[in-house]
Amino acid sequence: MYETDDDLATVQELLDASYARANEHLRGIWGPETCLDAQELSEELQAIQVLDLATVTPRGEPRVAPVDAFFYRGRFWFGSSPFSVRFRNIRANPAVSGSITRGRETFLVLVHGQAAEIDPRGPEADGFARMPRELYDFDWDNAHPGAPYARIDARTLLAFKRR
């Protein structure tokens, strides 16, 4: 787990505020007993996740496709090709939404926010590069030396698990 106590407190505030804003329909499906707290969410997301990430084209059309995602220091991070439509869309409009689902309505994470492109090996990444180095079964640095990465600065984060 890569989250500090401060990271977990920030994530918990976001989870609580997001659920408080959720509409009746969502809360009818995912009651408070299914909500994950920040610690539980961080534990669930320790490995590489498949995040279905939606971006917006210059014409305002949504596009969704899976990405390898990392939950690091309480935020989702992902990369792609420097020539990808995904990053072309993000550079024009950073609004993104993502979801992780498992099973038949047994686990759900929703995130909405802004993608911020960041050098994954640079000082502003706050040590992020150690996570893909530890989790991938290949030499991440040599395989993807110029791949762009972004983190999602979330304004909404919801996490549920049926127990």
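Strands β1 and β2 run antiparallel and are joined by eight bridges; strands here are DSSP runs of E of at least two residues, helices are runs of H or I of at least four residues, both numbered from the N terminus, and two strands pair if DSSP finds at least two bridges between them. The model is predicted, so local features need pLDDT of at least 70 and side-chain atom pairs count only at pLDDT 80 or more, while totals for chains, interfaces and linings use all residues. Residues are numbered from 1 along each chain as its sequence is written, and side-chain values use heavy atoms, with hydrogens and water left out.

**Exercise 1. Describe the two hairpins and the residue with positive phi in each.**

Step 1. In the hairpin of β1 and β2, five residues lie between the strands, and G60 takes a positive phi near 85°. Within this pair, Q49 stands opposite A69 in β2.

Step 2. Strands β2 and β3 also run antiparallel, with four bridges joining them. Here F70 faces W77 in β3 as its opposite residue.

Step 3. The hairpin of β2 and β3 has two residues between its strands, and R73 has a positive phi near 55°. R73 is a residue other than glycine. Its relative accessible area is 25%, so R73 is partly exposed; buried means under 20%, exposed over 50%, and partly exposed in between, with a 1.4 Å probe and protein chains only.

**Exercise 2. Determine whether T57 and G79 are buried or exposed, and identify their contacts.**

Step 1. T57 lies in the loop between β1 (49-56) and β2 (62-72). Because its relative accessibility is 8%, T57 counts as buried.

Step 2. Apart from neighbours within four places in sequence, T57 is in contact with R63 and N89, where contact means heavy atoms within 4.5 Å.

Step 3. G79 belongs to strand β3 (residues 75-79). G79 has 18% relative accessibility and therefore counts as buried.

Step 4. Not counting residues up to four places away in sequence, G79 touches V67, D68, F87, P148 and Y149. The C-alpha atoms of G79 and Y149 are separated by 4.1 Å, although the two residues are 70 apart along the chain.

**Exercise 3. Characterise the nonpolar cores.**

Step 1. The largest nonpolar core has 26 residues; such a core is a set of buried Ala, Val, Leu, Ile, Met, Phe, Trp, Tyr and Cys residues joined through side-chain atoms within 4.5 Å. Among those with the most contacts inside this core are L51, F76, F78 and I152.

Step 2. Leaving aside neighbours within four places in sequence, the contacts of I152 include L51, F76 and F78.

Step 3. A second, separate core of 13 residues includes Y2, Y136, W140 and A147.
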